[in-house]
Number of protein chains: 2
Amino acid sequence: MGKKKKSGTKKAPESTTPFSDALRADPGTELAGIAPRSTPAFGGDKSDGREALDDLVAAVSDLQERLFAESVAGGTRSILLVVQGMDTSGKGGIMRHVVGAVDPQGVDITSFKAPTAEEQKHPFLWRIRKALPTAGQIGVFDRSHYEDVLVVRVHDLVPRAQWARRYGQINTFEESVADQDTTIIKVLLHISKEEQEERLAERLERPEKHWKFTPGDIDEREYWDDYAQAYQAVIDKTSTDVAPWYVVPADRKWYARLAVMTLLKEHLEALDPQWPEASFDVEQQQERLKDS
Amino acid sequence: MGKKKKSGTKKAPESTTPFSDALRADPGTELAGIAPRSTPAFGGDKSDGREALDDLVAAVSDLQERLFAESVAGGTRSILLVVQGMDTSGKGGIMRHVVGAVDPQGVDITSFKAPTAEEQKHPFLWRIRKALPTAGQIGVFDRSHYEDVLVVRVHDLVPRAQWARRYGQINTFEESVADQDTTIIKVLLHISKEEQEERLAERLERPEKHWKFTPGDIDEREYWDDYAQAYQAVIDKTSTDVAPWYVVPADRKWYARLAVMTLLKEHLEALDPQWPEASFDVEQQQERLKDS
């Protein structure tokens with residue numbers, strides 16, 4: 001116990017390495033060197049992982065409620081969880097099984113699709129700012145402003161000079177968000193091209209999954225290496241002290257869910273939100289209640 | 001089986017009455033005649049009720065996903081669940097244990113507090129319209145436009161002539177919402193004054209619940225009868241064919257949660273959403289995927 005491992009790709013039986021340490025990707029961390037089927041900081045198998053996830057729900061729920069309660073008493077802190085990843089990397093599963101385990105009153109999910117006509121008239125961060133969490137909330141971005149340096153870069157949707165400036169704009173923006181007492185957790189769900197093929201094949205096999213598929217999903221696979229390069233640039237240019245990236249190996253869905261839930265828990269624990277003190281005389285109110 | 005009971009207040013062992021029938025309150029239904037500890041359309045006890053709630057989750061989740069999938073393929077239908085009730089009637093528990101059991105990506109909760117300065121500059125339905133569910137979503141209102149004929153009426157926050165006009169405005173509004181393919185389910189969580197006292201006492205006893213209490217909660221108890229009258233007026237004037245009220249006895253939290261989940265299920269079943277047909281040639285895409 002207490003032994004720290006720095007490896008981000010090996011199993012660590014009975015590891016006590018925080019996931020935040022094991023998964024943190026600083027500028028220079030090579031995405032290509034992280035195995036998508038690895039389970040950093042966790043030594044168990046799928047059934048252990050599911051059990052561990054269930055075990056986390058009560059603790060995370062308690063911490064979330066404290067964060068919310070703190071805000072009712074005037075606290076200003078919040079969390080922003082940014083979830084990025086290729087198609088089929090499991091973003092929906094994170095929303096359902098991780099975010100969905102927390103009281104929905106304390107959570108605010110925004111799904112960013114291709115920008116609407118109105119959104120396109122504004123700078124790329126306009127719609128992002130509008131979706132930031134308010135005090136006490138856990139804001140969750142399913143895709144985010146990073147699409148503006150991912151799909152936009154890969155397909156040259158704006159001139160290179162324009163997207164190239166965005167990394168710096170993102171860092172300035174995230175710094176201002178962190179200054180407003182928002183803890184930023186950026187998660188990259190890291191899957192392999194082979195795993196994506198299997199998941200797309202499953203969507204094609206099962207009629208109740210057809211709606212999740214479009215032929216364009218296959219077209220995008222041609223650009224796999226370009227996306228890898230664009231993600232590497234994101235890590236290199238936007239993993240900062242106030243808003244670091246965590247690369248979550250995601251070929252095993254159970255691990256990715258456990259990892260994101262644990263990241264949430266570790267960041268909430270660091271905030272250590274406390275139940276607010278009563279702003280009234282409890283005994284006096286108990287007397288009043290009896291007479292009411 | 002198949003036997004229908006009309007009683008809204010008695011236990012019905014092995015009842016097969018739809019909750020929608022048992023709980024529906026039409027104009028003239030006397031709120032005072034509905035026992036807050038009753039469990040209409042359900043013959044079991046607390047542990048049966050919890051089990052029944054757990055059993056509903058899979059079915060409701062499946063129906064919700066179909067509704068969502070339908071919208072991805074161009075469907076326009078949605079659901080709006082309006083939850084009203086006195087302080088401590090269990091609105092938060094409904095959000096957490098009923099709404100929270102559904103995929104958060106398909107749900108959009110709006111909590112209506114006292115209107116902000118900006119909201120007060122607009123007609124009372126302005127903020128409500130902005131929060132209506134988009135296609136495929138289950139929108140949930142924790143409090144709603146009904147506050148504008150409840151707390152506003154009880155405390156004369158606007159002149160009588162103004163709030164008196166609102167019932168008709170609400171009906172017109174809800175008709176237009178229903179015309180946009182939104183199924184409206186309005187739930188009144190019906191608790192007794194005694195049960196509220198117990199719940200407030202619990203909030204005072206437990207330090208981690210103090211943040212949920214304000215001395216004003218006790219002041220409001222003086223107006224209990226005025227609120228009862230205001231709720232009766234709501235039932236009488238706004239329980240319409242397109243947007244009926246369901247009165248859910250709520251002194252037993254487990255029953256209220258089961259009832260709201262069942263109402264959601266029954267309304268989703270009536271919509272009967274179907275998985276969309278594939279808009280592409282499945283075998284052709286399977287071939288393309290193999291080559292990608």
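# Sheet, rings and interface

Biologist: Which residue is the bridge partner of Leu81(A) in β5(A)?

Modeller: Leu81(A) has Ile185(A) in β5(A) as its bridge partner. Helices (H or I, at least four residues) and strands (E, at least two) are DSSP runs, numbered from the N terminus. This is a predicted model, where local features need pLDDT of at least 70 and side-chain atom pairs count only at pLDDT 80 or more, while totals for chains, interfaces and linings use all residues. Residues are numbered from 1 along each chain as its sequence is written, chains are lettered from A and ligands numbered from 1 in the order in which they are written, and side-chain values use heavy atoms, with hydrogens and water left out.

Biologist: How many bridges join β2 to β5(A)?

Modeller: Eight, between strand β2 (residues 78-85) of chain A and β5(A), and the two run parallel. Two strands count as paired if DSSP finds at least two bridges between them. On to β6(A): five bridges join it to strand β5 (residues 182-190), also parallel. There, Lys186(A) is bridged to Trp245(A).

Biologist: What is the strand order of the sheet in chain A?

Modeller: The order is β1-β6-β5-β2-β4-β3, six strands in an open sheet with mixed pairing.

Biologist: Is β5(A) buried or exposed?

Modeller: Nine of its nine residues are buried, so β5(A) is largely enclosed by the rest of the structure. Buried means under 20% relative accessible area, exposed over 50%, and partly exposed in between (1.4 Å probe, protein chains only).

Biologist: Which residues of β5(A) point which way?

Modeller: Thr182(A), Ile184(A), Lys186(A), Leu188(A) and His190(A) point one way, and Thr183(A), Ile185(A), Val187(A) and Leu189(A) the other; all are buried. In a regular strand, side chains alternate between the two faces of the sheet.

Biologist: And the sheet in chain B, what order?

Modeller: Chain B has six strands in an open sheet, β1-β6-β5-β2-β4-β3, with mixed pairing. There β1 (24-25) and β3 are the edge strands with a single partner each, so one side of each has no neighbour in the sheet. Five bridges join β3(B) to β4(B), which run parallel, and Val107(B) stands opposite Ile138(B) in β4(B).

Biologist: Switching to rings. How many aromatic pairs over all chains?

Modeller: Rings of Phe, Tyr and Trp (its six-membered ring) pair if their centres lie within 6.5 Å; planes under 30 degrees apart count as stacked, over 60 as edge-to-face and the rest as tilted. By this rule there are 15 aromatic pairs over all chains. Tyr146(A) and Trp245(A) have ring centres 4.8 Å apart and planes at 70°, so that pair is edge-to-face.

Biologist: Where do Tyr146(A) and Trp245(A) lie?

Modeller: Tyr146(A) is in the loop between β4 (138-142) and α6 (151-154) of chain A, and Trp245(A) is in strand β6 (residues 245-249), so the pair ties together parts 99 residues apart in sequence. Tyr146(A) is buried at 0% relative accessibility, and Trp245(A) is buried at 1%.

Biologist: What about Phe112(B) and Phe141(B)?

Modeller: Their ring centres are 5.0 Å apart and the planes at 85°, so the pair is edge-to-face. Phe112(B) sits in the loop between β3 (107-111) and α4 (117-120) of chain B, and Phe141(B) in strand β4 (residues 138-142), 29 residues apart. Phe112(B) and Phe141(B) are buried.

Biologist: Which charged end sits over the ring of Phe124(A)?

Modeller: That of Arg166(A), 4.6 Å from the ring centre. The criterion is NZ of Lys or CZ of Arg within 6 Å of the ring centre and within 35 degrees of the ring normal. Lys237(A) likewise lies over the face of Tyr167(A), at 5.3 Å from the ring centre.

Biologist: Now the contact. How many residues from chain A and from chain B?

Modeller: Chain A gives 41 residues and chain B gives 41 residues, with contact meaning heavy atoms within 4.5 Å. The area buried between chain A and chain B is about 3,800 Å², and carbon and sulfur atoms give 65% of it. Buried area is the accessible area (1.4 Å probe) that two parts lose on being put together, summed over both.

Biologist: Which residues in chain A lose the most area to chain B?

Modeller: Arg96(A), Trp211(A) and Leu289(A), together 20% of what that side buries.
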